[in-house]
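Have the viewer open and follow along.

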Amino acid sequence: QDSAYISIHPHAIFATVCDGMGGGFDGELASRTAVSSFISSWQLVRNGEICDIPKFLFNAMITANEDVIKALGNKSGGTTAVTAIITENKLYWMSAGDSRLYIYRDTELLSVTRDHNYSLRLNEMLSNGQIALGTYEQEKSRGEALISYLGKDDFSLYDLTQEPFTLLQGDIIVLTTDGLYRSVPVENMNKILSGKMNLQSKADALLNIVSDYVHLSAQDNTTFILIEVI
């Protein structure tokens with residue numbers, strides 16, 4: 001149910017990872033449709049030159065949401081999405097759902113996206129005094145349920161960077177579905193990315209450790225993209 005794409009233009013790198021929901025075929029259809037929609041938006045950009053990258057990402061996201069709704073018709077489902085553009089060592093991103101973007105720098109792995117799930121809403125309600133602590137504790141078991149994703153008629157919750165993050169040599173950007181971070185503890189991911197191996201070997205090592213965890217927990221599909229600043 002996962003789909004992904006990466007493209008390197010003379011002036012920019014574009015990458016996206018999507019994780020479909022709603023069961024086998026429908027989940028695959030949703031993620032594939034979203035990625036195809038992002039590709040179509042990106043192909044309209046000549047040589048990766050964009051005047052307003054946040055606006056481009058927003059428009060591409062809204063178009064992808066509409067395309068997923070049309071593709072699914074009356075069927076329920078949708079897809080998470082995390083999308084990044086890197087140009088002149090500046091990183092822009094958008095996300096919907098619980099696929100994540102991490103930045104590895106100087107032995108530290110930082111998740112820069114939020115999971116748009118029920119836990120996010122619960123935490124906001126608790127901090128705002130809208131629910132009692134007892135209710136919060138009762139509801140926590142439902143925390144992983146997604147409250148935002150592409151394919152929602154009332155799609156309004158997403159993260160979209162307005163100011164870019166400046167990248168440095170040696171930084172590694174990770175775009176991933178939940179199959180990676182739910183299978184592999186962050187400290188293990190960090191250890192692999194800190195190693196002296198080349199990027200392909202690090203990707204292989206992550207896949208190997210995911211396979212070990214999958215045998216133990218029957219975790220979901222895993223798709224990720226690694227990008228290293230050289």
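## Turns, sheet and rings

Thr 107 has its place in the loop between strand 5 (100-105) and strand 6, where helices (H or I, at least four residues) and strands (E, at least two) are DSSP runs, numbered from the N terminus. Before going further, a word on ground rules: this is a predicted model, so local features need pLDDT of at least 70 and side-chain atom pairs count only at pLDDT 80 or more, while totals for chains, interfaces and linings use all residues. Residues are numbered from 1 along each chain as its sequence is written, and side-chain values use heavy atoms, with hydrogens and water left out.

Thr 107 has a phi near 70°, a positive value in a residue other than glycine. Thr 107 is also exposed, at a relative accessible area of 55%; here buried means under 20% relative accessible area, exposed over 50%, and partly exposed in between (1.4 Å probe, protein chains only). Asp 106 takes a positive phi too, near 50°, in the hairpin of strand 5 and strand 6, which has two residues between the strands.

Look for Glu 88 in the loop between strand 3 (78-87) and strand 4 (90-96). Glu 88 is exposed, with a relative accessible area of 72%.

Four strands make up an open sheet in the order 6-5-9-10, with antiparallel pairing; two strands pair if DSSP finds at least two bridges between them. Strand 6 (108-111) and strand 10 (224-228) are the edge strands, each pairing on one side only. From one strand to the next the twist averages 20°, with axes taken as lines fitted to C-alpha atoms (for helices over the stretch in contact) and angles running from 0 to 180 degrees between N-to-C directions.

Going across the sheet, strand 5 and strand 6 pair over four bridges, and Ile 103 has Leu 110 as its bridge partner in strand 6. Strand 5 is joined to strand 9 by five bridges, with Tyr 102 opposite Val 174. Another five bridges link strand 9 (residues 172-176) to strand 10; here Ile 172 stands opposite Glu 228 and Leu 175 opposite Ile 225.

How enclosed are these strands? Five of the six residues of strand 5 are buried, so strand 5 is largely enclosed by the rest of the structure. Strand 10 is likewise largely enclosed, because four of its five residues are buried.

On to the aromatics: the whole structure holds five aromatic pairs. Rings of Phe, Tyr and Trp (its six-membered ring) pair if their centres lie within 6.5 Å; planes under 30 degrees apart count as stacked, over 60 as edge-to-face and the rest as tilted. Two of the pairs are set out here.

| Pair | Kind | Centre to centre | Angle between planes |
|---|---|---|---|
| Phe 14 and Trp 42 | stacked | 4.8 Å | 15° |
| Phe 58 and Tyr 158 | tilted | 6.0 Å | 55° |

Why does the stacked pair matter for the layout? Phe 14 lies in strand 2 (residues 13-21) and Trp 42 in helix 1 (residues 24-43), so the pair ties together parts that are 28 residues apart in sequence. Phe 14 is buried at 0% relative accessibility, and Trp 42 is buried at 1%. Together with Tyr 5 and Phe 56, Phe 14 and Trp 42 form one aromatic cluster.

Phe 58 is partly exposed at 30%, and Tyr 158 is partly exposed at 26%.

One more ring is worth a look. The charged end of Arg 100 sits over the ring of Tyr 181, 3.5 Å from its centre; the test is NZ of Lys or CZ of Arg within 6 Å of the ring centre and within 35 degrees of the ring normal.

Helix 6 (residues 186-193) has Met 189, Asn 190, Ile 192 and Leu 193 buried. Viewed down the axis of helix 6, these buried residues fall within an arc of 160°, so they line one face; the arc is that of the directions from the helix axis to the C-beta atoms. Glu 187 and Lys 191 are exposed on the face turned away from the buried side of helix 6.

Finally, the cysteines. There are zero disulfides in the structure, a disulfide being a pair of cysteine sulfur atoms within 2.5 Å. Cys 18 is buried at 0% relative accessibility, whereas Cys 51 is exposed at 89%.
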